Amino acid sequence: MNDSSWGAPAGSGYWGPDQGPAPAGPAYDGLQAAQTRPMPIVPDVPAGDHQDDHDRGAAQRSGPLFRDETPNEHPQEPMSSPSQPAPAAPQKKSAGRDLGAAIGVGVGLGAVIIASLFIWKAAFVGVIAVAVVVGLWELTSRLQERKGIKAPLVPLAVGGAAMVVAGYVRGAEGAWVAMALTALAVLVWRMTEPPEGYLKDVTAGVFAAFYVPFLATFVALMLTADDGPERVLTFLVLTVVSDTGAYAIGWRFGKHKLAPRISPGKTREGLLGAVAFAMAAGALCMEFLIDGGSWWQGLLLGLAVAASATLGDLGESMIKRDLGIKDMGTLLPGHGGIMDRLDSLLPTAPVVWLLFVLFVGTA
């Protein structure tokens, strides 16, 4: 083809120097129109930003011509399109549990505790023993379900209840003797089964004996004092107030995680709330409930309770994470299991007992 054919005017009918007029028809007219259509100016795209022709065409038809052009005066508000759903509205913060059930169960437990404490002290020892046995059942059941660890429940339950009673009747010496006998019973009881897994089973059994009944024995030791019911009530009130302060302040203002790998829901703001609430409650309780107590002692007591309750909660959270469960049980609606309520009480009991001994003695 001669080069002069590219310069023929559109619609002239010129086809070539030796072929005469171009034949009429849509095919040749379309060819001629395609050859004479002006090419659109497309901005250069930096190397590395490769798109297919379809995406380029869509961008040229509906998007800005250059990258630094903003089609919207408010770039923080994304443009909606028929193919993309509008962004969902932010959801309200949820409390994360059934508050109605939790409050109802808490009030019921509180009534049982108050009645047993101030009507007949020995009845409260029975309440502690029942809580210990149920807690041991929950812990050993989860260990067997999730890890295949068979900590013997029978010697643990019998020894745990005996440990609490011995602490109330014979004091600290009775508690230590009962603890030693319970550990020995666990070792002997497990010998009736095959030796495979013996070490891990008895280790878990001794741990369970120390973690649940032995720590709970310090509540019975508090109860032996003349103002024992008031001491136990102070211990319970401060622990519950600490948990409540951490929950309320953390839910409302919590932004900085306290221990995200252990318990993602706990925040530093929640810890400060626990400290503030517990110190205020401690000052009031020591001033008005405890014989010979002072408000400044209550401040120290509240600070210690907030620290031990938080560590206890984190400790059980570590156990539950290792087991891959959310709650130890479902016995208490809105709370989980008994162990989910004892987690902050158990490690706090020896701390409060010791501070009471230092501040006002054992009588």
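A residue is taken as buried when its relative accessible area is under 20%. By that criterion, 36% of the 363 residues in the protein chain of this predicted model are buried. The chain exposes about 21,500 Å². Carbon and sulfur atoms supply 65% of that area.

The fold comprises 11 helices and 4 strands. Among contacts with a separation of 6 or more, 67% join residues 24 or more positions apart.

Helix α6 spans residues 198–223 and packs against helix α5, residues 153–190. The two axes lie 9 Å apart, at an angle of about 170°. Angles over 145 degrees count as roughly antiparallel, so α5 is roughly antiparallel to α6. The α5 contact with α6 involves 22 nonpolar, 6 polar and 2 charged residues.

Helix α6 also meets helix α4, which covers residues 121–147. Here the axes come within 10 Å and cross at roughly 160°. The pair α4 and α6 is therefore roughly antiparallel. The crossing of α4 past α6 is right-handed.

On the α4 side, the contact is formed by Lys121, Phe124, Val125, Ile128, Val132, Leu136, Leu139, Leu143 and Lys147. The α6 side contributes Lys200, Ala204, Phe207, Ala208, Tyr211, Val212, Pro213, Ala216, Val219, Ala220 and Leu223. By class, the contact of α4 with α6 holds 17 nonpolar and 3 charged residues, with no polar ones.

Note on methods:
Residues numbered from 1 in each chain as written. Predicted model: local features only at pLDDT ≥ 70, side-chain atom pairs only at ≥ 80, totals over all residues. Heavy atoms only, no water. Axes fitted to C-alpha atoms, helices over the stretch in contact; angles between N-to-C directions. Helix = DSSP H or I, 4+ residues; strand = E, 2+ residues; numbered from the N terminus. Parallel < 35°, antiparallel > 145°, perpendicular 65-115°, else oblique. Nonpolar A, V, L, I, M, F, W, Y, C, P; charged D, E, K, R; others polar. Left-handed = near helix turned anticlockwise from the far one by under 90°. Contact = heavy atoms within 4.5 Å. Buried < 20%, exposed > 50% of the residue type's maximum accessible area, 1.4 Å probe, protein only. Areas by Shrake-Rupley, 256 points an atom, 1.4 Å probe, with all protein chains shown as cover.
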